[in-house]
Amino acid sequence: MLTIDDCIALSDLTEEEIDAIAEHEHLPEILAVELGCCLAHDAEGIRRIARFIREDIDRARSHGQTVHARQLTVVLDGFVHQHPAL
């Protein structure tokens, strides 16, 4: 049986990136893993994930959630580092 951690590992994304997708798309974690896995293996999908994270950062800032915005900025920085073509 696969655990959620196994599924995340198979997605080629970090748990924090999956969490950002779940937050953006209002999905349960396992569905965000499935969506993220599909998006992570396509150039346009990579750009969509980056856009999701940027929009999450903007939303956090607009709601005064500066700590969360900083956390998401770290996630975005790591994602961009892994996908320099962005």
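**Salt bridges and core**

I looked up Glu-55 first, and at 30% relative accessibility it counts as partly exposed, where buried means under 20% relative accessible area, exposed over 50%, and partly exposed in between (1.4 Å probe, protein chains only). I note that this is a predicted model, in which local features need pLDDT of at least 70 and side-chain atom pairs count only at pLDDT 80 or more, while totals for chains, interfaces and linings use all residues. Residues are numbered from 1 along each chain as its sequence is written, and side-chain values use heavy atoms, with hydrogens and water left out.

I found the side chain of Glu-55 in a salt bridge with that of Arg-51 (3.4 Å, N to O), a salt bridge being a side-chain nitrogen of Lys or Arg within 4 Å of a carboxyl oxygen of Asp or Glu. Both residues lie in helix 4, four residues apart, helices being DSSP runs (H or I, at least four residues) numbered from the N terminus.

I then turned to Asp-56, which counts as buried because its relative accessibility is 0%. Its side chain meets that of Arg-59 in a salt bridge (3.3 Å, N to O), although Arg-59 is partly exposed at 32%.

Last, I looked up the largest nonpolar core, which has 22 residues; such a core is a set of buried Ala, Val, Leu, Ile, Met, Phe, Trp, Tyr and Cys residues joined through side-chain atoms within 4.5 Å. Helix 4 gives the largest share, seven residues.

Definitions and conventions. Helix = DSSP H or I, 4+ residues; strand = E, 2+ residues; numbered from the N terminus.
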